[in-house]
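Thanks for coming, everyone. Let me put the model up, and then we will walk through it.

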Amino acid sequence: MAKSRTPVEKALENGAETRVEISVDIAGLMSEIEALAQISEGDPPVVTRVVFSEADSRARAYVKELCQAAGLAIREDAVGNTFARWEGRDPALAPVATGSHIDAIPNAGAYDGVVGVLGGLEAIRTLQRSGFRPNRSIELIIFTSEEPTRFGIGCLGSRMMAGAISPEQALVLQDKTGRGLDELRHSAGFTGDLAAVKLAAGDYNSFVELHIEQGPLLEREGLGLGVVTHIAAPASLRILIEGEGGHAGAMLMPDRHDALAAGAELILALETAAKTTGAIDTVATVGVCEVFPGAVNSVPSRVRLETDVRDTDSARRDGVLTALKGAATEVAARRGVRISFETVNADPPATCDPAILAALDASIVAAGRSARRMVSRAYHDSLFMARIAPVAMLFIPCRGGVSHRPDEYASPHWIEAGVDVLARTLARLACQ
Ligand code: HGY
Ligand code: MN
Ligand code: MN
């Protein structure tokens with residue numbers, strides 16, 4: 001006979017109707033965030049933790065240790081997605097999940113992704129300490145390779161879970177040294193069948209991700225928490241520009257087919273296309289520019305650009321890509337260079353689920369906090385989890401909106417608020 005529910009459980013299940021205090025161990029959580037930040041390929045405060053690096057392996061071991069200490073059952077899939085499960089009263093029900101990533105781009109900070117992983121763990125521990133017992137199991141997911149640093153594509157782990165990339169497509173991915181996914185995952189100890197990574201719709205009841213905003217809005221407006229309704233659609237393209245090299249002194253200007261000068265025109269054309277869509281949601285960046293031969297006194301003969309274009313509206317985003325390709329045709333003809341494109345990814349946006357949004361709203365009220373609805377301009381694993389489960393995201397402010405930099409910072413006050421609301425939301429969903 002199922003154990004009768006404690007007052008805390010009853011309150012957490014129906015949320016706003018009856019207030020219940022749950023206490024986040026924010027001091028303990030901050031020290032764990034600080035400890036994880038020390039596991040880096042860079043010297044503190046720089047956090048660099050590229051997937052399948054030695055630092056990534058140490059970070060995974062640290063987080064798994066914390067999950068085991070909380071009594072969670074751990075499993076890892078063939079590409080390194082890690083699942084830490086708090087068994088519910090009815091293990092046969094589809095679990096509720098939370099989580100994020102611990103990999104970090106070069107020269108990053110301590111909070112991107114980590115707040116959702118260690119904060120998700122603390123949300124589970126907070127519920128455990130309150131005497132709550134979920135009907136549905138609650139799983140913490142640490143997604144592998146959320147950042148595009150290693151393979152040039154973001155969210156590789158959640159993309160594979162959602163079936164948005166096949167094992168065959170994933171196996172051709174290589175890093176800059178030419179090492180492929182198989183070699184790197186095996187070196188990190190992940191040897192299972194890649195076909196088993198893909199999950200089915202319904203495998204999870206819901207997914208809620210806690211994350212720093214990575215933008216200035218929440219802090220600027222002093223509104224506290226952000227409930228994310230849409231996640232922008234990211235596209236990433238590689239551009240190869242092939243011109244003619246030559247001596248920087250002897251090659252006269254009329255004779256040149258300078259690949260970097262052509263690339264500079266493309267970068268400005270991309271910026272203009274993004275600025276002129278009429279929508280503030282359109283963003284475009286060229287974050288990688290490789291010049292060959294890269295000598296000061298040699299005319300660049302080959303340039304590789306990597307571009308990142310996003311918008312909450314995929315048609316508007318694709319309009320920018322079309323404008324870029326149009327500009328490339330004109331520049332190639334006028335400058336006598338060859339320009340080719342390779343699409344790395346062009347993903348649709350995600351819409352968060354009304355029922356999960358309502359659970360977040362009710363939990364915010366129950367926690368006595370305030371929030372605003374907003375769009376996520378950064379992409380997250382929720383973008384792909386949305387293809388197999390109802391999702392929503394909860395944002396906390398980060399100082400100055402800074403992210404992907406060593407001075408990225410989120411205060412204990414807002415981290416505690418985010419974990420408090422996340423815990424209540426997971427409790428509510430796990431009893432539905
Ligand atoms: O680039 C992004 O949006 C994410 O932070 N990887
Ligand atoms: Mn990031
Ligand atoms: Mn992130």
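Let's start with one residue. His-101 is buried, with a relative accessible area of 0%. Buried means under 20% relative accessible area, exposed means over 50%, and partly exposed is in between, with a 1.4 Å probe and protein chains only. Asp-112 is buried too, at 8%.

A word on the ground rules. This is a predicted model, where local features need pLDDT of at least 70, side-chain atom pairs count only at pLDDT 80 or more, and totals for chains, interfaces and linings use all residues. Residues are numbered from 1 along each chain as its sequence is written, chains are lettered from A and ligands numbered from 1 in the order in which they are written, and side-chain values use heavy atoms, without hydrogens or water.

Now, the metal. Which protein donors does the manganese ion (ligand 3) have? They are His-101 (NE2), Asp-112 (OD) and His-211 (NE2), at 2.1 to 2.3 Å from the ion. Donors here are N, O and S atoms within 2.8 Å of the metal (3.2 Å for Na, K and Ca); water is not among the atoms, so sites may look incomplete. Along the chain, the donors have the spacing H-x10-D-x98-H. There is a second ion to mention. The manganese ion (ligand 2) is 3.6 Å from the manganese ion (ligand 3), and Asp-112 coordinates both. His-101 sits in strand 4 (residues 96–101), and Asp-112 in the loop between strand 5 (104–108) and helix 4 (114–129), so the pair ties together parts that are eleven residues apart in sequence. Helices (H or I, at least four residues) and strands (E, at least two) are DSSP runs, numbered from the N terminus.

Stay with helix 4 for a moment. Gln-128 is found there. Gln-128 is partly exposed, at 26%. Leaving out residues up to four places away in sequence, Gln-128 touches Ala-70, Leu-72 and Trp-86. Contact means heavy atoms within 4.5 Å.

Next, the domains. Domain 1 covers 7–232 + 349–430, and domain 2 covers 234–346. Those bounds come from an automatic or database domain assignment. Their centres, taken over C-alpha atoms, are 34 Å apart. Twelve residues of domain 1 contact 13 residues of domain 2.

How many salt bridges cross the interface of domain 1 and domain 2? The rule finds one. A salt bridge needs a side-chain nitrogen of Lys or Arg within 4 Å of a carboxyl oxygen of Asp or Glu. The side chains of Arg-377 and Asp-281 meet in a salt bridge, at 2.3 Å, N to O.
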